[in-house]
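Dear colleague,

Please find the structure below, together with its sequence. A short account of the findings follows.

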Amino acid sequence: MVLVLAIGDLHIPHRAPDLPPKFKSMLVPGKIQHIICTGNLCIKEVHDYFKTLCPDLHITRGEYDEDSRYPENKTLTIGQFKLGTIGQFKLGICHGHQVIPWGDLDSLAMVQRQLDVDILVTGHTHQFKAYKHEGGVVINPGSATGAYSSFTYDVNPSFVLMDIDGLRVVVYVYELIDGEVKVDKIDFKKTATAPSAH
Amino acid sequence: MLNGTEDEEKWLAEGIAGIQHNAFYMHRALDSNNLREALKYSAQMLSELRTSKLSPRKYYELYMRAFDELKRLELFFKDDSKHGVSVVDLYELVQHAGNILPRLYLLCTVGSIYIKSKEAPAKEVLKDLVEMCRGVQHPIRGLFLRSYLAQISRDKLPDIGSEYEGDADTVMDAVDFVLQNFTEMNKLWVRMQHQGPGRVREKREKERSELQDLVGKNLHVLSQIEGVDLEMYKETVLPRVLEQVVNCKDDLAQYYLMDCIIQVFPDEYHLQTLETLLGACPQLQPTVDVKTVLSRLMDRLSNYATSSADVLPEFLQVEAFSKLSNAIGKVIEAQVDMPAVGAITLYVSLLTFTLRVHPDRLDHVDQVLGACVKKLSNIPKLEDSRAMKQVVALLSAPLEKYNDIVTALTLSNYPRVMDHLDIGTNKLMAMVIIQSIMKNNSCISTADKVEVLFELIKGLIKDTDGADVDELDEEDFKEEQNSVARLIHMLYNDEPEEMLKIICIVRKHTMVGGPKRLPFTVSSLVFSALRLLRQLQGQEGDIVGEEASMTPNKIFQLLTQIIESLSAVPSPELALRLYLQCAEAANGCDIEHVAYEFFTQAFVLYEEEIADSKAQVTAIHLIIGTLQRMNVFGVENRDTLTHKATGYSARLLKKADQCRAVYACSHLFWVDDQDGIKDGERVLLCLKRALRIANAAQQMANVARGSGGPVSLFVEILNKYIYFFEKGNKQITSSAIQGLIEFINTEMQSDSTNPDSVADAFLASTLRYIQFQKQKGGVVGNRPNIIFFLFFFSNLNKVYNCTLNL
């Protein structure tokens, strides 16, 4: 059981002062194995905060990030090869402002194929999304602070926690609606894919 | 001084030996009921206490030995069947002892029994004893003697309800006795200060401190006397104790005794005698640490107040606050040499008291701050860092208590105190204020409060005279400015009118921040204004007459001015992003010319200010992405902007970047909305142009490095072909797609010396996708039906589907 936190688009301090207190009290160090951050933190303080939650931190660059050294996209592999079955999940991260049209499912699917990953985590629209298509799953954890977005007038703070176990991933989405944290859950299972070209 | 200590040890040992020696014989006498012998040896034994060679601590050891022996003697004396002498006669008899000190010790011992026998009124015996002890004027010897007297008389005082109370004896007598003993002991104690040569002053003070509890014990006894009620305390006890305290003019004694009074007597008494107690303070020696005394008093009273709610009216009735406030004022006035830190510490204590006892009385809080301002104004320049710390404590206390910055903002003297801080401390305090707001999630919602707040934190917002911004550590500076940026989001009001006022005030203050600060604060301000715009849009239906003074146009003008200030930094990349955000907002308000203007500004920045090639790539993608979402433009405007975008895309430095930007532009000609543009031809033109660029890139790479370039570009373009094919672009045929696939395969095979696994995998998954779509059947024009896929996968609990159009 591997817990992966997917979070991003905080836009601190430009659009939001801080993470909601209810989220902060839920995110405690030591429980999460990996953090995937879609970008737009935007300052070092937020980076350091995530580092305290989990040292294995993967961030991609958002267009407002202070640190321009974050990569444009990143992949990581979770799980191990087991004889007979492929018990691995490959995750890809990309902020999403580079993928036009913004938020377009099919264009994001292309990126997923390009990175050759099972799960693509992306942001930029500040809207939570989790959908499965032929090639895999695309997840957008939304904005953890509910920051202003030109995409929608109604942004609720949200983040995603993925529980990866063998070939199965359970996606928990935490949303702050009217002051209360609501949790929703989606199951995805990876089918054994055909062996890749090499 | 080793010699001295060694000698002392020797004398002590000698003294103890002497006591033991005589005690031995005394015991023998007691055993054989020989009074005469007992008296003789006890007197000899007590003579050891006549020494002047010992320090208080050593003397105490000696004294305790004698004390133990005297207990046994007392037992003997009590039992007159053993010695056959009446207590009255015994009292007479012991006075024949040769030296005064042994005589008095014996007298006290007998006196104890005398009182117990009730053959004489307690008060007379006590009076006699306390007077007689005057005979010993040596400080240490006298103190211990009187301490002995106090010890043995404790349980024999004519207190109310005690067996020694009678017609003649009253509580008053008990009180008189104790007070007299106390007074004499204090005099002796003070006299110690002036004995001996001046250079051993420190040693003397140390010795005196060792003896302080002997004196203080008397006050303790007084507090234990049942009959000392509030009335008696007020009329007799306190005035006389204070008289002695003030008149002795000794700072050590004064400090100790004032503190003793406060600790030993009940808080209700203090409350009711506040004026008297405080009245003594200015009369104390200037070297007495009166601020600590007052602080401890206020601490006790605060604790008392919070112990129960019933007590509070008492505080109000005795006007505790004003009395304390006046007393502090008088003390500060009287002690002209008191350093600033002392005075401010006093105010901190008073403020703490106020916040605990009368938290609702903001006028009291303001008054304390005002008194502090007055004091600070008299100091030309406050440089003492401890004093600064105290001022920070003073200012932090209301923040912590009220947890709501708005309350602190109503205190008129608050900003005045801050003005007296030096620049560094002022900024520190400003950060404390901001942190308090963030921690408590406070929202400041009125323009005038925002104005006060920004006055308070002005040290952070702009360069103040004498401050050198370059000197400041970069990390610290960033932290400061980020805090200010975050603060801006805590200023909010539902009412658009008020919110606009707030934004204008923030703008006024931040615009003078200078080029170093603007990049931090401008973004926050812009997004604040964009949120206001949405608020306004939400209220569109309700606008009546007057409120038409605030229109989206006005806000866009404001936004333009704010973003323009970034040119002073200069910060073109940030400005470009903000202009694009504004363009989207204008799109949402349906104002075409404003949106166009913002795009113009963005393009100008791109052309003139953004030279870095990596920055250009990001910038052009942001422009394309924003433009793609615009639906407010008419054909002409849209064409102009699209043309510009495509042009710049093709002129990026690296071929790969050019290619990607150009195929991104293809989306400008196809918008998936109902009324969106769907120009299939121009889409294809874009894609073909991208292909040409990719080709050129291939050839360049072949020439330059002898191997193939980025094949993945072709695969990307292939994906775009498929994308538009599925959207129903008639210009893209399946044979064109097929042709492209073959072309890519050829390219990959010809470059077998340098296999590109990433591109291979990409191509493979693309082909799989095509296969999958074909299997579904009838791909033309259909969007892939997501629900259809679900049946392929097991264990699906729920699908978050409200975002998909099904």
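In chain A, 53% of the contacts with a separation of 6 or more are between residues 24 or more positions apart. Please note that this is a predicted model.

Chain A has three helices and 11 strands, arranged along the sequence as β-α-β-α-β-β-β-α-β-β-β-β-β-β. For 198 residues, a compact globule would have a radius of gyration near 16 Å, and the 16 Å of chain A agrees with this. Its C-alpha atoms occupy a box of roughly 50 × 35 × 30 Å along the principal axes. Of the 198 residues, 64% count as buried.

An open, mixed sheet in chain A consists of five strands in the order S4-S5-S6-S8-S7. Strands S4 (73–79) and S7 (129–133) of chain A each have a single partner strand, so one side of each lacks a neighbour in the sheet. From one strand to the next, the twist averages 20 degrees. S4(A) runs antiparallel to S5 (residues 88–94) of chain A, with seven bridges joining the two; A:Leu76 lies opposite A:Leu91 in S5(A). Helix H3 (residues 105–115) of chain A packs on this sheet and touches S4, S5, S6, S7 and S8, its direction making about 125 degrees with that of S6(A).

In chain B, helix H27 (residues 496–510) has 15 residues and should span 21 Å at 1.5 Å a residue, which agrees with the 21 Å between its end C-alpha atoms. Buried residues of H27(B) include B:Met499, B:Ile502, B:Ile503 and B:Val506. The buried residues of this helix pack against H24, H25, H26, H28 and H29 of chain B.

With kind regards

Conventions
Residues numbered from 1 in each chain as written. Chains lettered and ligands numbered in written order. Predicted model: local features only at pLDDT ≥ 70, side-chain atom pairs only at ≥ 80, totals over all residues. Heavy atoms only, no water. Pairing = 2+ DSSP bridges. Helix = DSSP H or I, 4+ residues; strand = E, 2+ residues; numbered from the N terminus. Axes fitted to C-alpha atoms, helices over the stretch in contact; angles between N-to-C directions. Contact = heavy atoms within 4.5 Å. Expected span 1.5 Å × (residues − 1). Buried < 20%, exposed > 50% of the residue type's maximum accessible area, 1.4 Å probe, protein only. Rg over C-alpha atoms; globule rule 2.2 N^0.38 Å.
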